[in-house]
Amino acid sequence: MPIRQLPEDLINRIAAGEVVERPASVVKELVENAIDAGGSRIVVTTAAGGKGLIRIEDDGIGMDQADLLLSVERHATSKLSVDDLDDIRTLGFRGEALASIGSVAELSISSRPAHAESGLRIDVRSGVRQGPVPQAMNRGTIVEVRNLFANVPARLKFLKTDRGEGGAITDVIKRLAMANPSVHFVLNGTDRSLSNWPSVNGTGALEARLAQVIGDDFAQNAVRLATARHGVVVAGLAGLPTYTRANSLSQFYFVNGRSVRDKVLVGAVRAAYADYIFRDRFPVVALYIAIDPAEVDVNVHPAKAELRFRDPGAVRSAVIRAIGKALSAAGFKASTSVAE
Ligand code: ADP
Ligand code: MG
């Protein structure tokens, strides 16, 4: 076969496989965009586990006509300058999310910047942009994604049930909400479940947000973490040894404001509680690590939230110490009855 340039729409659909794995990854990209745009209230509505509809509404800075048209082009971004190229891998798929989503779903974007008298709307169908047309709306941006993967049957087939995909969406939003306490989140699902987490600010904001998202129960049965050691700041809440779960689904880890999955952190928490709880039980924790970005390598796979610490030992001991200190201050002494 002769070499030929692939059509733009096909390039986007291939790229979409990387960025958009399932409805929850669409929600993550769009809510991150809303947060980046300075949204203070973000409303997420989904139907059929996000396969039917994902709608994200924010009250952020919005886009004018030129930006709106550019936003769905591949590699178009307002968040990266040529000077930042060294950072490109830590930023993930910059400027690809909307273009990718537009190639695997029906995408509509309506936006109205603060200074504009009304909004504009564009639609992307089969990767082809239509519009802009006028749209009556408040300041901010509304992104609607319908019939995700309808044109990628192979991908659609591998999705879970509406319930399963809906659960993954809820998990993504929980994590984003925990990382951004000052943003008001409203979540509407088709199972008629509704979450409403008003903005919390000032001292205790983190704990207040955790109480909203994980439950008052947790906040009342947890100790507050606040230590800094060897440049590793540990904050958040650690559940009491008397408040455990049968699995690790209620363990949340954040590094420099982003939700991550990381074996070092999981291992450190396990070790911190080893003397207090049985091995088949899991503590509930929301752990926030702040560390010099140069000490973390995020190049593993940005969409999968994995990372690598340059000095895992320092992070591990900081976490073990933070939890140990807080638990012993709450009167929990290492028990000798749990043998290693
Ligand atoms: P990236 O976020 O990596 O820049 P995206 O494809 O997600 O790439 O978005 C492209 C651009 O569209 C963003 O850089 C931003 O300028 C604009 N944009 C996207 N979503 C919003 C939003 N909710 N509010 C304002 N601008 C947005
Ligand atoms: Mg984005």
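Colleague: Quick one to start: is histidine 230 buried, partly exposed or exposed?
Modeller: Histidine 230 is partly exposed, because 13 other C-beta atoms lie within 10 Å. Bear in mind that this is a predicted model.

Colleague: Thanks! Where is histidine 230 found?
Modeller: Histidine 230 sits in the loop between β9 (222-229) and β10 (232-239).

Colleague: And what about the phi of histidine 230?
Modeller: The phi of histidine 230 is positive, about 50 degrees, although this residue is not a glycine. As background, most residues other than glycine have a negative phi.

Colleague: Got it. Which sheet do β9 and β10 belong to, and what is the strand order?
Modeller: They are part of an open sheet of 5 strands with mixed pairing, ordered β9-β10-β15-β12-β13. At the edges stand β9 and β13 (258-259), each with a single partner strand, so one side of each has no neighbour in the sheet.

Colleague: How many bridges join β12 to β13?
Modeller: There are 2 bridges between β12 (residues 251-255) and β13, and the two run antiparallel. Valine 255 is opposite arginine 258 in β13.

Colleague: Changing topic: what is the order of the sheet of 8 strands?
Modeller: That open sheet runs β5-β4-β3-β6-β2-β1-β7-β8, and its pairing is mixed. Its edges are β5 (128-135) and β8 (194-197), each of which has a single partner strand, so one side of each is left without a neighbour in the sheet. On average, neighbouring strands here are turned by 10 degrees against each other, direction ignored.

Colleague: How many residues of β5 are buried, then?
Modeller: The count is 0 among its 8 residues, so to speak a strand that is hardly covered. Strand β5 is joined to β4 by 6 bridges and the two run antiparallel, with arginine 125 opposite valine 128 in β5.

Colleague: What joins glycine 131 and proline 132?
Modeller: A cis peptide bond, with omega at about 10 degrees. Proline 132 lies in strand β5. In general, most peptide bonds are trans.

Colleague: And the hairpin of β4 and β5, which residue there takes a positive phi?
Modeller: Serine 126 does, near 50 degrees, and the hairpin has 2 residues between the strands. The C-alpha atom of serine 126 is separated by 8.3 Å from that of asparagine 151, although they are 25 residues apart along the chain.

Colleague: Where does asparagine 151 lie?
Modeller: Asparagine 151 is in the loop between β6 and α6. It counts as partly exposed, because it has 16 C-beta neighbours inside 10 Å. Asparagine 147 has its place in the loop between β6 and α6 (153-157) as well. Its phi is positive, near 50 degrees, in a residue other than glycine, and asparagine 147 is partly exposed, with 14 other C-beta atoms within 10 Å.

Colleague: What about β3 and β4, how do they pair?
Modeller: Strand β3 (residues 106-112) pairs with β4 (residues 119-125) in the antiparallel sense, over 5 bridges. Isoleucine 109 faces isoleucine 122 in β4 from the opposite position.

Colleague: On to helices. Which strands does α2 lie across?
Modeller: Helix α2 (residues 23-36) lies across β1 (41-47), β2 (53-58) and β6 (140-146), and it runs at about 10 degrees to β2.

Colleague: How many residues of α2 are buried?
Modeller: In α2, 11 of the 14 residues are buried, so the helix is largely enclosed by the rest of the structure. Among them are Val26, Val27, Leu30 and Val31. The cover over these buried residues includes α1 (8-19), α5 (97-104) and α7 (162-179).

Colleague: What span should α2 have?
Modeller: At 1.5 Å a residue, its 14 residues should span 20 Å, and the end C-alpha atoms are 20 Å apart, which agrees. Just after α2, glycine 38 takes a positive phi of about 80 degrees.

Colleague: Last topic: how many residues surround ligand 1?
Modeller: There are 21, and the closest are Asn33, Ala37, Thr77, Ser78 and Ala97. Elements giving two or more residues to this shell are α2, α3 (65-71) and α5. The largest share, 3 residues, comes from α2.

Colleague: And how does the shell around ligand 1 split by class?
Modeller: By class, the shell has 7 nonpolar, 8 polar and 6 charged residues.

Technical notes. Residues numbered from 1 in each chain as written. Chains lettered and ligands numbered in written order. Predicted model: local features only at pLDDT ≥ 70, side-chain atom pairs only at ≥ 80, totals over all residues. Pairing = 2+ DSSP bridges. Helix = DSSP H or I, 4+ residues; strand = E, 2+ residues; numbered from the N terminus. Axes fitted to C-alpha atoms, helices over the stretch in contact; angles between N-to-C directions. Contact = placed C-beta atoms within 7 Å. Expected span 1.5 Å × (residues − 1). Buried ≥ 20, exposed ≤ 12 C-beta atoms within 10 Å, placed from the backbone. Near = placed C-beta within 6 Å. Nonpolar A, V, L, I, M, F, W, Y, C, P; charged D, E, K, R; others polar.
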